[in-house]
Structures are given as structure tokens and as C-alpha cells.
Amino acid sequence: MIKIGCLAGVMMLVGVSGAAEAAAVPRQIAVPGMEYPWSAVGRLNVAGHSYCSAVLISERHVLTAAHCLWLAAEKRWWPASAVHFVPGFQGDAVLVADAKSYVVADGYRFDRHVSAADEAKDWAVIELTQPLGRQTGWLAAAPLDQPALLGHAGYRQDHRYQVTLDYGCQVLSQPPATPLLWESCEAVHGSSGGPLLAFLPGGPRVVGVVVGTTGGNGGGVTAAVSISTMQDGARFPVAAKAGQGAGIGKTIGHAPPAGGPAAPAPVETLHDLGQVDGQPATLSALAERLTKTVEEKPSR
């Protein structure tokens with residue numbers, strides 16, 4: 001049995017086969033929350049009780065981990081009105097919206113002793129009361145179908161007021177070989193519900209949602225529910241339909257407009273990554289620069 005940290009204060013035990021040790025340690029950087037594509041990532045605050053990470057996949061739909069919405073002390077789901085999404089949070093809530101409703105993956109149960117197959121049900125789609133994505137942009141959410149640099153972004157407990165990106169991850173196993181997608185990026189409390197990203201020339205794509213780690217708080221390998229799993233209509237007749245309506249399966253994201261609260265291009269991120277001044281700040285350049293930093297610098 002491999003211990004899985006659910007990253008919201010609850011530890012579960014999940015049986016997993018085939019999860020290998022990471023061959024290399026990935027990079028980690030802080031990124032500006034109100035700059036696209038990070039502006040689509042946000043904190044999911046739950047009634048002042050706890051928080052997770054989440055990501056916009058349409059102008060008003062958010063993808064996250066299902067366990068973030070469970071009130072363990074009373075063994076019930078939080079009402080949608082208690083759930084608040086703050087995109088690009090950097091200590092001040094520039095934008096915020098309440099949840100209007102949410103759909104949890106069919107058959108998901110919150111328990112301290114579940115199987116890996118049950119953990120693959122740990123995802124949820126939230127509809128917001130306001131179309132925040134019109135101001136922050138949103139990301140495509142579709143399966144990983146080509147080679148790409150991987151990373152995940154979220155609000156780690158050790159950096160809870162900024163978006164942190166771990167990147168240079170390696171896929172260790174994934175469906176159908178294993179129920180969960182296992183990768184080598186680090187996850188800690190607060191990361192749960194954040195997007196696993198593939199950095200493609202056309203822009204980052206959400207290919208999974210972080211749900212746990214084998215190494216406790218600050219190490220090991222990370223488990224994510226893959227987007228391909230979420231599209232399984234036979235297994236998730238209600239949630240897969242809701243996910244499709246929310247944007248799961250679309251391969252093109254949407255940047256915010258210029259002049260709004262979120263910058264539409266990753267200018268500051270590329271500068272921090274060492275891009276030469278004067279080169280265009282595009283999403284393609286972001287993918288290239290992240291890849292180069294992994295290749296150029298030794299592992300931490």
C-alpha cells in the first residue's frame with residue numbers, strides 16, 4: 001500500500017502498482033498570478049475552513065479535486081454557496097466568484113481507505129456565478145496526446161499567497177496502465193485540485209488534476225486524475241457530460257483581453273526565465289523557454 005496525501009489535511013491509503021521513482025527532480029518557480037496563463041489558476045476557498053487549487057476551463061467553469069468540497073467533520077458536501085474561487089490570487093482578491101453549483105464524479109466517496117480506482121474519481125466541475133474567465137482567460141482541457149514539457153501550478157501551503165509552478169515533470173505511469181496518472185513533480189498541502197499542464201506551442205493544456213502524493217508533505221511522486229479518465233462517459237455518465245459542457249475536450253484556451261486586470265501574455269514570466277529583451281512574449285516562447293531552463297540547469 002502506498003500512502004497518498006490528499007493535500008487538504010486528510011491522508012488516504014491507495015493501492016498502486018507500477019509507480020516508479022522519479023529519475024530527476026523538476027524545477028520550481030513562483031509565477032505572477034495576474035498574468036496569463038497563470039491567471040486561469042486560482043485558490044478555491046471553502047467557507048474560511050480550508051483551501052485547494054483549481055483552474056478555469058471556460059469563462060465560468062472550474063476544474064478541481066472532489067475531496068476539496070467534502071466537509072469531513074460532518075461527512076457531507078459543502079453547499080455551493082460556501083465555495084469561492086479567486087483567480088490569480090496574490091494576497092489580494094482582485095477577482096472572486098461564488099460557486100453556483102458543482103458536479104462530483106459519479107461514484108466518488110470520501111474515505112480514508114479507498115482503492116486507486118476510487119481515487120481516479122476524485123474530480124469535480126464547478127460552475128461559477130460570474131464569467132470570470134472573460135477577465136482572466138481560461139485554459140484548454142484535453143488528454144495528453146503528444147510529447148510536451150509537463151508541470152503543475154497551484155497554491156502550495158508553503159507559498160499560499162502566490163502561484164507556484166513545478167515543471168520538468170516526468171510521467172511515470174498513466175491510464176490505462178494505472179488508474180491514476182503518476183508524475184515526478186512535487187506536491188504539498190494546497191496543491192490539490194491544481195492543474196497538471198502540458199506546455200504546447202499553442203498554449204498550456206490541462207491534462208489532469210492533482211489529487212495526492214506518495215511522499216507526504218514535500219516529496220515523492222504526485223498523482224493526478226487524467227482528462228482522458230474524465231471523458232469516460234460509461235464510467236461517469238453525469239460528470240463526463242457536465243465536463244464536456246464545461247469545456248473538457250477542447251484543445252484551445254482563451255487569453256484575457258488587453259487592458260483588463262490580467263495581462264494577456266507571459267511577459268514577466270519570460271523575463272524571469274531569462275528570455276532576451278525584445279523577443280515576443282508568446283505562449284510558444286513560454287513552452288520553449290521552460291524547456292530550455294530544464295535542459296540548461298542542473299537538477300536541484
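Guide: Buried means a relative accessible area under 20%, exposed means over 50%, and partly exposed lies in between (1.4 Å probe, protein chains only). This is a predicted model, in which local features need pLDDT of at least 70 and side-chain atom pairs count only at pLDDT 80 or more, while totals for chains, interfaces and linings use all residues. Residues are numbered from 1 along each chain as its sequence is written, and side-chain values use heavy atoms, with hydrogens and water left out.

Visitor: Is Val-83 buried or exposed, and what is its relative accessible area?

Guide: Val-83 is found in strand β9 (residues 83-87); helices (H or I, at least four residues) and strands (E, at least two) are DSSP runs, numbered from the N terminus. With residues up to four places away in sequence not counted, Val-83 touches Leu-44, Asn-45, Leu-69, Ala-97, Asp-98, Ala-99 and Ile-126, where contact means heavy atoms within 4.5 Å. Val-83 is buried, with a relative accessible area of 1%.

Visitor: How many Å apart in space are Val-83 and Val-46, C-alpha to C-alpha?

Guide: In sequence, Val-83 and Val-46 are 37 residues apart. In space, their C-alpha to C-alpha distance is 4.7 Å.

Visitor: What arc do the buried residues of α4 cover around the axis?

Guide: Helix α4 spans residues 239-246, and its buried residues are Ala-239, Ala-240, Gly-243 and Ala-246. The arc is that of the directions from the helix axis to the C-beta atoms. These residues lie on the same side of α4 because their arc is only 120°.

Visitor: Which residues are exposed on the other side of α4?

Guide: The buried residues of α4 pack against β6 (61-64), β10 (97-104), β11 (124-128) and α3 (227-230). On the other side of the helix, the exposed residues are Lys-241, Gln-244 and Gly-245.

Visitor: Which residue just after α4 takes a positive phi?

Guide: Helix α4 covers residues 239-246. A positive phi of about 125° occurs just after it, at Gly-247.

Visitor: Is the pair of Trp-123 and Phe-236 stacked or edge-to-face?

Guide: The structure holds 7 aromatic pairs, counted where rings of Phe, Tyr and Trp (its six-membered ring) have centres within 6.5 Å, with planes under 30 degrees apart taken as stacked, over 60 as edge-to-face and the rest as tilted. For Trp-123 and Phe-236, the centres are 5.4 Å apart and the planes stand at 90°, so the pair is edge-to-face.

Visitor: Where in the chain do Trp-123 and Phe-236 lie, and how many residues apart are they?

Guide: Trp-123 is buried, with a relative accessible area of 0%, and Phe-236 is buried, with a relative accessible area of 0%. Trp-123 is in the loop between α1 (116-119) and β11, and Phe-236 is in the loop between α3 and α4. Their pair links distant parts of the chain, 113 residues apart.

Visitor: Over the face of which residue does Arg-76 lie?

Guide: Arg-76 is partly exposed, with a relative accessible area of 34%. A charge sits over a ring if NZ of Lys or CZ of Arg is within 6 Å of the ring centre and within 35 degrees of the ring normal. At 5.9 Å from the ring centre, Arg-76 lies over the face of Trp-78.

Visitor: How many residues apart are Arg-134 and Glu-59?

Guide: A salt bridge is a side-chain nitrogen of Lys or Arg within 4 Å of a carboxyl oxygen of Asp or Glu, and by this rule the count comes to 6. One of them joins the side chains of Arg-134 and Glu-59 (3.1 Å, N to O). Arg-134 is in helix α2 (residues 133-136) and Glu-59 in the loop between β5 (50-56) and β6, a separation of 75 residues.

Visitor: With which residue does Asp-166 form a salt bridge?

Guide: Asp-166 is in strand β14 (residues 163-169), and its partner is in the loop between β13 (149-154) and β14. Both residues of the pair are buried. The closest N and O atoms are 3.5 Å apart, and the partner of Asp-166 is Arg-156.
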